[in-house]
Each structure stands twice: as structure tokens, then as C-alpha cells.
Amino acid sequence: MNKFESRYTQSPKEVKQMDTAALRDNFLIENVFEANQVNLTLSHFDRYIVGGAMPVDQKIALPNPDDLKATYFLERRELGIINVGGKAVVTADGEKYELDYKEALYIGKGTKEVFFESATPGEAAKLYINSAPAHHTYPNKKVSKAEAEIVELGTPETANHRIINKLLVNSVLPTCQLQMGMTELKSGSVWNTMPAHTHDRRMEAYFYFEVPKGQSVCHFMGQPQETRHIWMQNDQAVISPNWSIHSGAGTSNYTFIWGMAGENLDYGDMDHCAITELK
């Protein structure tokens, strides 16, 4: 049984009053993957959808939730996929795409049928999904890590040495508003997106994975002068409002996927926050 959840938006004033349980209920997505299911969470921040498909021993279809009021899921949407499990096969209107670990696929508006399956018995694919409303049809395209735009940032001294893989971004392929990439922290580094920033023109979602057993990541959110935190485990996602910082520190190094959508496609459009000014 597939799962679909819709979550309303919240203002800084509301979030300021939230306790731990309320923060987690509104922003944390605990169960991204479940066997032979597609789990989807719709955020009313830019109508962004976050989810996961985990085909274990059967082919599963991208559902069309009633809440979208669409003839099919991608009637007015675009879709980004990054594989974080065993080798996968994604079929989009009859065309098959094989995705290895950490490879990405963009599927454009107008694609009527999408199916997910694992290529190797006993090695379940885990397909992390982001989707945003779309106004134009762009071609489907697979993007490997070798085709990504790669940026190296940070230093071991500040515990934020990391590799940013820009996979589904407008410098690599055309999209309407969806952008996705993956940041890999080097051994000994634990901080992501620090110094922190906001961008009121775009919301964002983070998905944390490759978190070692017994370790966790503390995700920071909120306005720069009114921050909050959410403790997260492996294979969990978190919604970041347009007005919020989005940063994290782990008890070990880890990898995370960032996805965003909104008013522009300028990756560098950020309002930076000085570390010493965070509260």
C-alpha cells in the first residue's frame, strides 16, 4: 500500500512556539522507504513532493494521489530521482533507464507512466524522489556522477570538507524549477552548509544517508536568530521552509541529497548568515 501525506506551511512565528514533537511532525519525514511501496509527502512550501520508492521483489508504479487532482502524476509536474540502493531500472513511458548507486534521472512533465524495479535479486533499489510543479516539458535524462558539476568546499580544520555533486541542476540539464544534488562529507568532517544561508526564493529538502550504524545527524533549521534542531537517522528527510536555514552536524561523516524548487534556478542565490551571528 503506497502512502501519501500532505503538510501545510508554517510561518516563523508558529515555528518559534513548537516543541520537539511539533517540529518533527511538521518537518521530519521518518519513513522514506518501505518495501514494495512508494511513500510521498507533499509540502505546501512551493508544492514540493519528497518521497521514496523501494522495489524489493516486484515492479512498482509511481502512483497518482487524489490530492493532485491530475490525470496522472506528471501531468503538471517534473520528477527527479537519485538511487541510494541497489541497481535500479526505471521505466518512463516504455523507455528503460538503469541507475547505479548515486546516479540520477530527470523525468519531464507529460510522462504518463513511471515504474520502478530492482535490477538484482536480493539487492533492493532505493529511489529517492523529489517533484515540483512544471510549466514546460523538458526531455528525460540520466545523469551519472561523472556528468555532474563537482565543487569541493570546506577544510578539515573547520570539519566541513565536502564534495558537492550538482546532478539535476540547470548547468547540467534544463528543468522548470527542480534542482537536486548530493553532498559527500570527507572522513573527519561533520558540518554541512556552514556557514549557513537562507534563500527566500526557494524552499529545500534534505535527505540524509550513509549515516553509519549507531550515529546520527543533528539538522538545524529556523531563522538565523531563532534556530531550532531536529535529530535525524539514516535514510530520513527533512523539509526546509524558504525562510529557514538548513544545516547539519553529524556524529560521523555522512552524505545528503539536497533538492529545491521555487522562483529561480540560480544556485548561488543565497542570503548568507555569519556563523557568529547565529542564535
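Q: Before we start, what counts as a strand here?
A: A strand is a DSSP run of E with at least two residues, and strands are numbered from the N terminus. The structure discussed here is a predicted model.

Q: Thank you. In which strand does Ser-131 lie?
A: Ser-131 belongs to strand β11, which covers residues 127–133.

Q: Is Ser-131 buried or exposed?
A: Ser-131 is buried, because its relative accessible area is 0%, and buried means under 20%.

Q: Let us change topic to sheets. What is the strand order in the open sheet of 7 strands?
A: The order is β2-β21-β18-β23-β15-β14-β13, and the pairing is antiparallel.

Q: How many bridges join β18 to β21?
A: There are 5 bridges between β18 and β21, and β21 spans residues 236–240. As one example from this pair, Tyr-206 has Val-238 of β21 as its bridge partner.

Q: Now the pockets. What is the volume of the largest pocket, and which residues lie nearest its centre?
A: The volume is about 290 Å³. Of the 20 residues in the lining, Ile-164, Thr-193, His-197, Tyr-267 and Met-270 lie nearest the centre.

Q: Which strands each supply at least two residues of that lining in the largest pocket?
A: They are β13 (149–153), β14 (162–168), β18 (202–209) and β23 (255–262). These four names also occur in the order of the open sheet.

Q: How does the lining of the largest pocket divide by class?
A: The lining of the largest pocket has 11 nonpolar, 5 polar and 4 charged residues.

Q: And the second largest pocket, what is its volume?
A: The second largest pocket has a volume of about 220 Å³. Its lining has 14 residues, and the closest to the centre are Glu-5, Arg-7, Ile-29, Glu-30 and Asn-31. Two or more lining residues come from each of β1 (3–7), α2 (20–27), β2 (28–29) and β3 (38–43).

Q: Which element gives the largest share of the second pocket, and what are the classes?
A: β1 gives the largest share of the lining of the second largest pocket, with 4 residues. By class, this lining holds 4 nonpolar, 3 polar and 7 charged residues.

Q: How many cavities of 30 Å³ or more does the structure hold?
A: The structure holds 1 such cavity. The largest cavity contains about 40 Å³ of space, and its lining consists of Pro-12, Val-15, Lys-16, Gly-222, Gln-223, Glu-226, Arg-228 and Trp-243. The largest share of that lining, 3 residues, comes from α1.

Q: One more region: where does Tyr-101 lie?
A: Tyr-101 lies in the loop between β8 (95–99) and β9 (104–107). Tyr-101 counts as partly exposed, because its relative accessibility is 37%.

Q: Which side chain does Tyr-101 meet in a polar contact?
A: The side chain of Tyr-101 meets that of Glu-210, at 2.8 Å. Glu-210 is placed in the loop between β18 and β19 and is partly exposed, with a relative accessible area of 32%.

Q: Which backbone angle of Glu-210 is positive?
A: Phi of Glu-210 is positive, at about 55 degrees, although Glu-210 is not a glycine. Most residues other than glycine have a negative phi. Lys-102 also has a positive phi, near 70 degrees. Lys-102 lies in the loop between β8 and β9 and is buried, with a relative accessible area of 8%.

Q: Last one: which residues are joined by a cis peptide bond?
A: Met-194 and Pro-195 are joined in this way, with omega about 5 degrees. Pro-195 is found in the loop between β16 (191–192) and β17 (197–198).

Notes
Residues are numbered from 1 along each chain as its sequence is written. This is a predicted model: local features need pLDDT of at least 70, side-chain atom pairs count only at pLDDT 80 or more; totals for chains, interfaces and linings use all residues. Side-chain values use heavy atoms; hydrogens and water are left out. On a 1 Å grid over the protein atoms alone, a cavity is a set of points where a 1.4 Å probe fits but cannot get out, and a pocket is an open set with protein on both sides within 12 Å along at least five of seven lines; lining residues have an atom within 4 Å of a point. Grid points are joined across faces, edges and corners, and a volume is the space filled by probe spheres set on the points. Ala, Val, Leu, Ile, Met, Phe, Trp, Tyr, Cys and Pro count as nonpolar, Asp, Glu, Lys and Arg as charged, and the others, Gly among them, as polar. Two strands pair if DSSP finds at least two bridges between them. Buried means under 20% relative accessible area, exposed over 50%, partly exposed in between (1.4 Å probe, protein chains only). A polar contact is a pair of N or O atoms within 3.5 Å; within protein, one must be able to donate a hydrogen and the other to accept it, and residues adjacent in sequence count only if both atoms are side-chain atoms.
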